[in-house]
Amino acid sequence: MAIVEKVIEAPPEQVFRVLADGWTYSDWVVGTVHVRAVDDSWPRAGSKLHHQAGPWPFSLSDSSTVLSCDAPRRFMVRAGLWPLGAAHVVFELTPVGTDRTRVTLAEEFAAGPLRWIRNKVNDLVLHHRNKETLSRLADIATRQKAAE
């Protein structure tokens, strides 16, 4: 399981607003290049976000499904990447003082070939990808905070 953390200069409610806006995923989830559709019920459990990942012409279409949502503290999705499999991705948001949030991102392959091809190189790539994902999430959350 790959786990990364980042303290974001915004309260948990503001950070969660970014998580709750499925249309922004291609802006901050590294590897997601296009969001095709988002269920009206997003981010409730069972709702889906339909996306494409990877560069054209090799991009793959799949969807991610909300497994649980406890706003603004915890959010878990099953992120699909057919034919490579799927991962469970958990965001934990913990207040730090009155205006900051520690975001912990944990990702684990849950299905498909990637589940069986775990090694140090894959772990390192996943760690750096998720570190960049949290940096992008922070940029959006703090920009939205500044605009309020």
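**Core, pocket and local features of the predicted model**

Among the elements of the protein, helix H3 has the lowest mean pLDDT (82) and helix H1 the highest (96); pLDDT is the predictor's confidence in each residue, from 0 to 100. Across the protein the mean pLDDT is 88, and 86% of the residues reach 70 or more. The model is predicted, and local features therefore need pLDDT of at least 70, side-chain atom pairs count only at pLDDT 80 or more, and totals for chains, interfaces and linings use all residues. Residues are numbered from 1 along each chain as its sequence is written, and side-chain values use heavy atoms, with hydrogens and water left out. Helices (H or I, at least four residues) and strands (E, at least two) are DSSP runs, numbered from the N terminus.

The largest nonpolar core contains 28 residues, of which Leu19, Tyr25, Trp28, Phe75, Phe91 and Leu137 touch the most other members. Such a core is a set of buried Ala, Val, Leu, Ile, Met, Phe, Trp, Tyr and Cys residues joined through side-chain atoms within 4.5 Å; buried means under 20% relative accessible area, exposed over 50%, and partly exposed in between (1.4 Å probe, protein chains only). Two or more residues of this core come from each of strand S1 (2-8), helix H1 (12-19), helix H2 (25-28), strand S2 (32-38), strand S5 (74-81), strand S6 (85-96), strand S7 (100-111) and helix H3 (120-147). The greatest contribution, five residues, is that of H3. In H1, the buried residues are Pro12, Gln14, Val15, Phe16, Val18 and Leu19; because six of its eight residues are buried, H1 is largely enclosed by the rest of the structure. Phenylalanine 75 touches Phe16, Leu19, Tyr25, Trp42, Pro43, Val66, Ser68, Cys69, Val89, Val90 and Phe91, residues up to four places away in sequence not being counted; contact means heavy atoms within 4.5 Å.

The largest pocket has a volume of about 740 Å³. On a 1 Å grid over the protein atoms alone, a pocket is an open set of points where a 1.4 Å probe fits, with protein on both sides within 12 Å along at least five of seven lines, and lining residues have an atom within 4 Å of a point. Of the 32 lining residues, Val30, Leu81, Glu107, Leu126 and Arg129 are the closest to the centre of the pocket. At least two lining residues each are supplied by H2, strand S3 (48-53), strand S4 (60-70), S5, S6, S7 and H3, and the largest share, six residues, comes from H3. The lining comprises 20 nonpolar, ten polar and two charged residues.

Two strand residues were examined individually. Histidine 51, in strand S3, is buried at 6% relative accessibility. Beyond its neighbours within four places in sequence, histidine 51 contacts Thr32, His34, Val35, Arg36, Leu60, Ser61, Asp62, Ser63, Ser64 and Gly80. Alanine 79, in strand S5, is partly exposed, with a relative accessible area of 23%. With residues up to four places away in sequence excluded, alanine 79 touches Ser63, Ser64, Gly85, Ala86, Ala87 and Val89. Alanine 79 and aspartate 62 are 17 residues apart in sequence and 8.4 Å apart in space, C-alpha to C-alpha.

Most peptide bonds are trans. A cis peptide bond, with omega about 15°, joins tryptophan 42 and proline 43, and proline 43 is placed in the loop between S2 and S3. The bond from alanine 71 to proline 72 is cis, with omega near -10°; proline 72 lies in the loop between S4 and S5.

Conventions:
Grid points are joined across faces, edges and corners, and a volume is the space filled by probe spheres set on the points. Ala, Val, Leu, Ile, Met, Phe, Trp, Tyr, Cys and Pro count as nonpolar, Asp, Glu, Lys and Arg as charged, and the others, Gly among them, as polar.
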